[in-house]
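Hi,

Here is the structure I promised to pass on.

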Number of protein chains: 2
Amino acid sequence: MKHQLKAASAAVAALAVMAAFPGMALAQDGKGVAELAQHGGAQRIAGVYGNATAKNVILFIGDGMGDSEITVARDYLHGVNGSFDGLDKIGQPNLNTVETGTGQYTTFSLGANSGDSLMAKNAYGSLAGGKTAGAITPVTDSSASGSGWATGTKTYNNAVDVDVNGNPQLNLIELAKAKGLATGNVTTAEIQDATPAVLESHSTERSCYGPQGKTDGTSSNAAKNCLASQLKENGGIGSISEQLLDTRADVTIGGGSKYFRQTAQGGDYAGKTLWDQAKERGYQTVENDVDAFSGLQYKDGQPVLALLSDGNMPTQYNPSVATKQDPAKDENPVECSVNEKWLGNKNASGNSASLADMTSKALDLLQANPKSQNGFFLQVEGASIDKQDHNGNACGQIGETDDLDKAISAALEKIDLSDTLVIVTADHAHTSQIVESQPAYALSTVLRTKDGGNMVVSYGTSEDNLYSDGNDTEGTADASKAQGNMSHTGTQLRIAASGPGASRVDGLTDQTDNFYTIAYALGLAADTDAQKALSNDGTVAVKKADDGTYSAELNGFNGDAVISYELKDKASGKVVAASNSDTPVSGVRVATGETTGISFGDFQPAEGASYTLTVTGRQSGKTASVDFPAASGTVDKKPGAGQNGEQGKDSASGTVAEGQVQKPAAPLGRTGAAVIAVALLAVALGCAALGIKFAKARR
Amino acid sequence: MKHQLKAASAAVAALAVMAAFPGMALAQDGKGVAELAQHGGAQRIAGVYGNATAKNVILFIGDGMGDSEITVARDYLHGVNGSFDGLDKIGQPNLNTVETGTGQYTTFSLGANSGDSLMAKNAYGSLAGGKTAGAITPVTDSSASGSGWATGTKTYNNAVDVDVNGNPQLNLIELAKAKGLATGNVTTAEIQDATPAVLESHSTERSCYGPQGKTDGTSSNAAKNCLASQLKENGGIGSISEQLLDTRADVTIGGGSKYFRQTAQGGDYAGKTLWDQAKERGYQTVENDVDAFSGLQYKDGQPVLALLSDGNMPTQYNPSVATKQDPAKDENPVECSVNEKWLGNKNASGNSASLADMTSKALDLLQANPKSQNGFFLQVEGASIDKQDHNGNACGQIGETDDLDKAISAALEKIDLSDTLVIVTADHAHTSQIVESQPAYALSTVLRTKDGGNMVVSYGTSEDNLYSDGNDTEGTADASKAQGNMSHTGTQLRIAASGPGASRVDGLTDQTDNFYTIAYALGLAADTDAQKALSNDGTVAVKKADDGTYSAELNGFNGDAVISYELKDKASGKVVAASNSDTPVSGVRVATGETTGISFGDFQPAEGASYTLTVTGRQSGKTASVDFPAASGTVDKKPGAGQNGEQGKDSASGTVAEGQVQKPAAPLGRTGAAVIAVALLAVALGCAALGIKFAKARR
């Protein structure tokens, strides 16, 4: 609570502060979905700001790591009175002089909007009563919760950085890139899994892994796993994997390499595998190769994409299987054994890829990146705490918690808490519980703890385990076992932080507050108006390539995830090309902080005709227009800013014309209220639906 | 973390501080029972002090109120984004300018020592593997956990303020009384239940409610429920109810009135009911009478003992019953209804006794007490969160959480957080979980929340509910249901605080740290040496009553819960009377901050003989001796300090002789190490076993 004590040390001052910040009260009861679904609408501490700024932020997520799961792992690994070396250090006030905070946050999600076809598929559709439409759902999944901290917007289970209406919400990596920071995303899961995905993409369905859905590229199930209008072949912004390449974090490390063997079905890379696309776009790629991973070094302009296993990474420990009550289990408590396939084991070359190794490598790469002089944002996920908890696999979840703990310790070796905010939390809790004795019929595992005693871990929600050998993507039903799946829970859970801004996690907050905590600490555009303003300097340039095709390049639309465009014949007013705007995930995916390209396909200007290209940020509502040919024969020769090297080479190619976002007519420097009113007007104008269907996004 | 930031704002300073306080590190793995069982041995933040002092402390305990139980109640009562008016205010940094803290603490307990007959009966003997002896047990019960925060000593399930060897440990009310503070103890449970009991008594068995065990006085089952040597008829310190009267808190409000209908079986009040004893000893008593409760006012020297129901108090809501999976439950979610027997309902006179009412009354009584100028310590327990959770009764636990929340709000109306530290936490968590949908076979209840949606609460550890109508002492098995009992869990859980010293709950602490947090804030004797020193001014006076019987009166043995005595013929060295010292709970119970009496039964000094009475504090090791008759015919006429009025009336009665605790021979002002060495020597000398059996404690 440091900032509070400093900001207002007397009661009178406090009253003044409370008047200034309406958020300085308990979150009010009775908010409905409509209010909660707004960007920032579910905040509990809206209006509370820290007075500290952090250069860097590392967010550690233990997927499914509620207080019960933390205690299960601590009791087993360190004893009931023992401590995690890393995990328990974050937030602990007596260990250092930096700002610290510990608290609890709420994690609920929202039901999808009734009758909205976007939301028809809900991976967790079997919520209480089966009635998810328009409801508030007490138990979140990883995608809604991840979207909460990644964007500050409360949304529905299955949503990846889109709101309950499917509108993309800017995420922390996009906002960090907009400010020029280095960015990273590390996980033990498939990189397309919900928790990493919320830093890569905007998807109405969490299962829309790639252009061919959730396959290794030898077949496609995209129709089942993706909203059709999000697919590139239909004028959409693309699958999670394709958007990952647009997002272009400096460092991306995880599993899920097989999904990059899929082939793009639309866009400029149609017909090429995602691995080939990644290479063409300048990525340093590593596929299932620990030695190559270990050898990675920072290279200018070449982000790292290292996917080290086909699916989720193998777990540290071999699985235990929760079974029915049996006195023999008390006599022979389980001691977990190391999985020989775990990438954290040293290989013949002495290399390994534990989560600690991946975290350490990510920090090396980020710190070597000149952008890190502005700071960095890195998320690290220990994913299989959740996955093995779903399977009723106590050893699995314990080993993954250990791996996360060691990743935190590894980070603490490389960073300085005086300029780096480290946050440790989870996306939701799980059903594993330490109970007094084997329950009558819930499945349980009896483990021998570090203390030498027995600990009974119970799983109460499924009749039988999914069985996983620790190496599967998903738990699979063993022949001898019925299919089952342990549940997430809806409890509030722990958030802890050390470093500048850490005290903002004190008390009771909501998962969406965590977005603001990070955004405020890094000075990112947190509220909707500030985010829209990131597109104020948007520019559009029309290009003509050597082969005579026309395209456009956008820069500075950093307040947008998606743009729409419309190309009109100036004389007739006829639309000759336009993006698809059927749904909020149709259109052109913005490459934040980079150049976004638009291909116009077969378009060729008619002799003597003049055209107007209008580009509209679908989030910001900002519009930039450009007329061309401005004047025949006066093609601008200055090189384009295209990353892929589309520079003018002769008088017949190059930048044809340039436009920029129109500045508001209202003078700047007004009061906040007036500025907001202007912005809202801009939104209203900019959000008008565009109905004509034709789009081809180039990157 | 305020104190840390102030205490050491630079790294160099931090290092200096860390060197000074060895506790400023993570709790080390691998501590065994022997180390953990020491007073303070399980602290995680030993050596960390706040720099704030509080005049008053209120400790709110939600029994069984883990994060999951908090969320269940919040979701139901206020909606997923709503807030408790009281519970969520404590620890919330943005609501006021006072010091705040939120964190998690660990709650494990210790197995009883192998082969120690004191520990033979363990109410939760069915721990994992059935092996509790000498083990560390990951799941605590309410008595071990209560003992943890009440005394700072980690102990076994079933222990009430005794360590694993049965040695009494001083509790917060005893220590607060030693400092002259006003004290209070409020609960919705039977006042003899574990959580209130830890502020009243030292008992090797939590079920030793009264001299006749757990009955209404028409029979006795003391042999089953009490360690024999603790019973007064066997020279013991007495049952929980009898010790409550010795402890003499200024305000005691709860249930369990029927146990006060029991009759004392030994001691000065043998043959009288406990209600009669309470009245004789000057208590204002209220038995099951809400109007009389409402009319209570502070009266000098007349502590309040108000027990408002025979057993545990009726719950606010009528019970819900968790049942097996059934789609109909989703269609007809439960809405809880108010129990007409709840004492929080206004009666015909307009009076009520909700936990909020009781808290409010307790504060009125404490604040009217002149001792409160020194400050007060008050514990308030919402007991039936746990009890109804055991029964799988979602409505029951929710209503009790609501009641606790409102009690916190009521307290905030009457106190000032600038001088009062308010802590809200639980003793352990429970198995109720908010899950996605009705589990396949765990029992569950579907509730309609404040948001209008469904919430599924699952209970995973028992096949069937105990059934309670909300008014029973214990859940009782319905004819149609098998007996069952939902389990406690071993997860770390929430602790939150506002007021001076609050930030000491930040981060990860242990339940025993909470004792130190409170003791430091109030300036109580926290460590063992300081506690022993509370008996430094102990005095003993031999008295002769009008009827010629001899007795002794002790004052100032505030560092002890139990004293032993030995009366010797000075010439022959023969012991003519002595307390029973068979077990640590044998001997004379000290009335902390009051006068403790010892009756010598039939003892009459022989003509011309001289005697030595030696009194030894069994915790402090401090000894006071007195010789008498000092000189025939020179009886000291000054009035004794006896509370019961045994004052000298003529030359043949009154104070016969006086002695006091011998001060250490070593000069004061030495280094800490030397002082500790001297103290340890005193303990070693004082703890020598006394084998002769005869004892009669007067109060």
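Leaving aside neighbours within four places in sequence, which residues is Asp193(A) in contact with? They are Thr187(A) and Ala383(A), where contact means that the C-beta atoms, placed from the backbone, lie within 7 Å.

Before I go on: this is a predicted model, with local features needing pLDDT of at least 70, side-chain atom pairs counting only at pLDDT 80 or more, and totals for chains, interfaces and linings using all residues. Residues are numbered from 1 along each chain as its sequence is written, while chains are lettered from A and ligands numbered from 1 in the order in which they are written.

Asp193(A) sits in the loop between β5 (182–190) and α7 (194–197) of chain A; helices (H or I, at least four residues) and strands (E, at least two) are DSSP runs, numbered from the N terminus. Asp193(A) counts as buried because it has 29 C-beta neighbours inside 10 Å, and the cut-off for buried is 20 or more.

An unreviewed UniProt entry annotates Asp63(A), Asp193(A), Thr195(A) and Glu381(A) as "binding site", though such annotations may be inferred rather than shown by experiment. They are spread over 319 residues of sequence but cluster in space, with a largest C-alpha distance of 11.1 Å.

Asp63(A) lies in the loop between β1 (56–62) and α4 (67–78) of chain A. Beyond its neighbours within four places in sequence, its contacts include Thr195(A) and Glu381(A).

As for the two chains, the contact takes 93 residues from chain B and 95 from chain A. Helix α4 (residues 67–78) of chain B gives the most to chain B's side, with six residues.

Cheers

Technical notes: A residue is buried if 20 or more other C-beta atoms lie within 10 Å of its own, exposed if 12 or fewer, and partly exposed in between; C-beta atoms are placed from the backbone.
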